[in-house]
Amino acid sequence: MAYFDHQRPELTLAEVAERSGMNKTTAYRLLNTLVMAGWLARSESNAYRPTMRVFQIGSVALASTNLPTEAKPVLRSLADRFGDTAYLMVPSGRNAVCIDAITGDSPVTVNAVAVGSSLPLHAAAGPVTMLAFVPGLLEEELSHDDREPFTPGTITDPEHLRSVVEKVREQGYAVSEGDFLSDVAAVAAPIFGSDGACVGTISLGGTVDRIRGARFDDIVAGVVAAGKDLTARLQGR
């Protein structure tokens, strides 16, 4: 499993054999065992990728890491600067789980998303950011066809979702507006751990008029900077 990373979320049999030093017969047997056990899946191009089972285990283990501790001051700074709610989310199965949230001084808050809330991956900025940066997560999500339309703005079409995720990868952050909760918008950025893999997202959410108003560019810059700050903390820089 160590041969997969955020730069190469899928590997062919030949690539696994080359990276591991095993011959192709041995590598094939090992890969086939991992597929049958549910740890790997084969893509249409016959490449192998980790399944969500790997990330489910990772999200459980996350509670024992320093992510929540390192994130606390970054969340507080983001919430204090803009007055809205800053969220820390991690992947868990086909969902994103909010493991911390700090509210700013805005008189209007989003009470529907709180610590412990589980959001679908196809809606809201934090979850969509995970689709863009967690290896194999997008293909896993697109293998299902039961995405719920929470609002008229929810993306359920697989090709539309893929194009949105590709844009998020290109620009390095996600913006959502009314796709999970009506009149709510958010901006999210990825967080990368010490091994370079995406371990979660940091985001700022609030009413559409507050997030998408005159401060929008500043909010985007602030959230992206917060993601980079937290990544640097986790990577010891």
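A residue counts as buried under 20% relative accessible area, as exposed over 50% and as partly exposed in between, using a 1.4 Å probe and protein chains only. This is a predicted model, in which local features need pLDDT of at least 70 and side-chain atom pairs count only at pLDDT 80 or more, while totals for chains, interfaces and linings use all residues. Residues are numbered from 1 along each chain as its sequence is written, and side-chain values use heavy atoms, with hydrogens and water left out.

Select Phe 133, which counts as buried because its relative accessibility is 17%. Rings of Phe, Tyr and Trp (its six-membered ring) pair if their centres lie within 6.5 Å; planes under 30 degrees apart are stacked, over 60 edge-to-face and the rest tilted. Phe 133 belongs to helix α5 (residues 125-133) and Phe 192 to strand β7 (residues 184-192), so the pair links distant parts of the chain, 59 residues apart. Helices (H or I, at least four residues) and strands (E, at least two) are DSSP runs, numbered from the N terminus.

The structure holds two aromatic pairs. For the other, select Phe 150 and Phe 180, an edge-to-face pair at 5.0 Å centre to centre and 70 degrees between the planes. Phe 150 lies in the loop between α6 (137-142) and α7 (158-171), and Phe 180 in the loop between β6 (174-177) and β7, so the pair ties together parts 30 residues apart in sequence. Phe 150 is partly exposed, at 31% relative accessible area, whereas Phe 180 is buried, at 17%.

**Second stop: two helices**

Now select helix α1 (residues 13-20) and helix α2 (residues 24-36), which pack at an angle of about 110 degrees with their axes 9 Å apart. The helices are therefore roughly perpendicular (65 to 115 degrees; under 35 is roughly parallel, over 145 roughly antiparallel and the rest oblique). Axes are lines fitted to C-alpha atoms, for helices over the stretch in contact, and angles run from 0 to 180 degrees between N-to-C directions.

**Last stop: Arg 233**

Finally, select Arg 233 in helix α9 (residues 216-234). Is Arg 233 buried or partly exposed? Arg 233 counts as partly exposed, at 32% relative accessibility. Leaving aside neighbours within four places in sequence, Arg 233 is in contact (heavy atoms within 4.5 Å) with Glu 70, Pro 73 and Val 74.
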